[in-house]
Amino acid sequence: MKINVSNIKKAVKYLNNNECIGMPTETVYGLAANAYSNKATKKIFKLKGRPADNPLIVHYYNIKDLEKDCETNKLFYKLYNSLCPGPITFILKLKNDSKISKNVTNNKKTLGVRFPSHRIARILLKSLKYPLAAPSANISEGISPVTKDDVYDEFGEKIKFILEGGRSKVGVESTIISLQKKLQILRLGGLDITILNKKLKTNLKTTMYARSKINSPGRRSIHYSPGIPIRLNAVKIKKDEAFILIKKKKEYNKNYFYLSKTNNLMESAKNLYKTLRKIKKLGYKKIAVQKIPNKNFGLVINDRLFRASKK
Ligand code: TXA
Ligand code: MG
C-alpha cells in the first residue's frame, strides 16, 4: 500500500489534540489515543462503552520507547527479538515513574504492550512523542473491525479521523501472553501458539472455554458478538440460518459463507470477522457454523466463536 504522508500528518495532528482516531494494525483496527494523556484515554472508554476496569493495550514503536514505562526481563527480550514487530501482546510490570495514564491500566501495576508490524502503524508511532493506547475499534463486546469502513460502521461521525491502512492481514486480535511470575497465555490470537511453543521449547496451552482466573476481561464470555444467535458444530442448516463453512460442499446455497475455499485455517481466521459482519449486514437473524478443527488457527476461531455464541 502506498504511504499517504498527508493522512499520517492528519492523524498526528488529531492525536496531539487529545482526540481518538481509527488506526490500522495487522491484527485488527484500533481506536487509538495518546497513552500518556488522561483526557485522551478517557475518550476511548466513553466511545466504546467500555467498563473502566478493562485495561487497554499500549502500542510502541520499539523497545527503547517501551523501556521508559515497563520493567523488562530476559524472556521478554528473547521473544521481542524473534517475534516483534508482530501480533503478540506482552503483559509486563509497569515502572513506578511510568507516564502511562491511570485510565489505561485502571490503576493496576501491569501493562499490556504490543509492537504492531503494520507499516502505516509503525510510521505513525515513529512520528509521535508518546505511545498509543488502542483497544479494537468496535463498540464494547462487538466484532473487531478489519477495514476502515468497518470502523466507520462502528462509530460513524463520532470519531474525527480513521487512518486508511487497507484490510488487516491477520484479521484476529493479537495473542496475549503474561510474563508475570509464570509464563501464561491469556488470549489466543494472531500469533499461532505452536510457533511460540517452538521458540520457547514449551507446551503452553490455554484451557479453551475455561474461565481464566487471570484478570483479562477479553477472556470473559459474551464478546466478539455479532448480536445474533450462533449455533456451533452444525451439520445441517435451517432455512433461515446463514451457514459458515470451511469445507467445500457440493451443493450451492445462497446462505453459505465460506471462510476459506481451500480448508485453510489461517485464511479462515482472517475472514472470520469480515464474514460475521457481512452476514449481519445482510439481515440474517441466526448463524450456524460447521465444525472447525481444534488446531493451530482453528483454536482461535473456536475461541472467538464460542464466546460470540454465548448469550
Ligand atoms: O490485536 C490487538 O491486540 C488489538 C489491536 C488494536 O492492537 N487490540 C485489542 O485490544 O484487541 P482490546 O482492548 O480489544 O483487547 C485487549 C485485551 C482485553 O481483553 C484486556 O482485558 C486485555 O487485553 N488486557 C489489557 N491489559 C491487560 C493487563 N494489564 N492484564 C491482563 N489483561 C490485559
Ligand atoms: Mg476488543
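**Figure 1. N34 in strand β2 of the predicted model.** N34 is found in strand β2 of this structure, which is a predicted model. With a relative accessible area of 11%, N34 is buried. A polar atom of the N34 side chain lies 2.8 Å from the backbone nitrogen of Y36. When neighbours within four places in sequence are left aside, the residues in contact with N34 are L15, N18, A40, T41, Y130, P131 and L132. Of these contacts, L132 is also the bridge partner of N34 in β7.

**Figure 2. Strand β2 and its two partner strands.** Strand β2 covers residues 30-34, and five of its five residues are buried, so the strand is largely enclosed by the rest of the structure. Strand β1 (residues 21-23) runs antiparallel to β2, and three bridges join the two. Within this pairing, M23 stands opposite G30 in β2.

**Figure 3. T27 in the loop between β1 and β2.** The loop that separates β1 from β2 contains T27. Is T27 buried or exposed? Its relative accessibility is 3%, and a residue counts as buried under 20%, so T27 is buried. The side chain of T27 is joined to that of R114 by a polar contact of 3.0 Å. Beyond neighbours within four places in sequence, T27 is in contact with a number of residues, among them P87, R114 and V146. The contacts of T27 also include S168, V170, G171, V172, E173 and S174.

**Figure 4. Helix α2 and its surroundings.** The buried residues of helix α2 are A40, T41, I44, F45, L47 and K48. These buried residues pack against β2, α5 (102-105), β7 and α7 (148-155). At the N-terminal end, α2 is capped by S37, with a side-chain oxygen 3.3 Å from the backbone nitrogen of K39. What follows α2? The helix is followed by G49, which has a positive phi, near 65 degrees.

**Figure 5. K43 in helix α2.** K43 has its place in helix α2, which spans residues 38-48. The relative accessible area of K43 is 26%, and the residue is partly exposed. A polar atom of the K43 side chain lies 3.1 Å from the backbone oxygen of N18. N103 is 60 residues from K43 along the chain, and the C-alpha atoms of the two are separated by 10 Å.

**Figure 6. L124 and the largest nonpolar core.** The largest nonpolar core has 93 residues, of which F90, L124 and L196 touch the most other members. At least three residues of this core come from each of domain 1 (5-200) and domain 2 (230-309). Which residues are in contact with L124, leaving aside its neighbours within four places in sequence? They are I8, A11, V12, L15, I21, M23, L132 and L163. Another core, of five residues, lies apart from the largest one, and its members include F243, L245, Y256 and A288.

**Figure 7. The open sheet of four strands.** Four strands, in the order β11-β14-β12-β13, form an open sheet with parallel pairing. Why is one side of β11 (230-231) and of β13 (256-258) left without a neighbour in the sheet? Both stand at the edges and each has a single partner strand, so one side of each lacks a neighbour there. In a regular strand, side chains alternate between the two faces of the sheet. Strand β12 (residues 241-245) pairs with β13 in the parallel sense over three bridges. In this pairing, L245 stands opposite Y258 in β13.

**Figure 8. Helix α9 across the sheet.** Helix α9 comprises residues 265-281. The strands that α9 lies across are β11, β12, β13 and β14 (286-289). Relative to β12, helix α9 runs at about 165 degrees.

Definitions and conventions: Residues numbered from 1 in each chain as written. Chains lettered and ligands numbered in written order. Predicted model: local features only at pLDDT ≥ 70, side-chain atom pairs only at ≥ 80, totals over all residues. Heavy atoms only, no water. Pairing = 2+ DSSP bridges. Contact = heavy atoms within 4.5 Å. Axes fitted to C-alpha atoms, helices over the stretch in contact; angles between N-to-C directions. Core = buried A, V, L, I, M, F, W, Y, C linked by side-chain atoms within 4.5 Å. Buried < 20%, exposed > 50% of the residue type's maximum accessible area, 1.4 Å probe, protein only. Domains from an automatic or database assignment. Polar contact = N/O pair within 3.5 Å; in protein donor to acceptor, adjacent residues only side chain to side chain.
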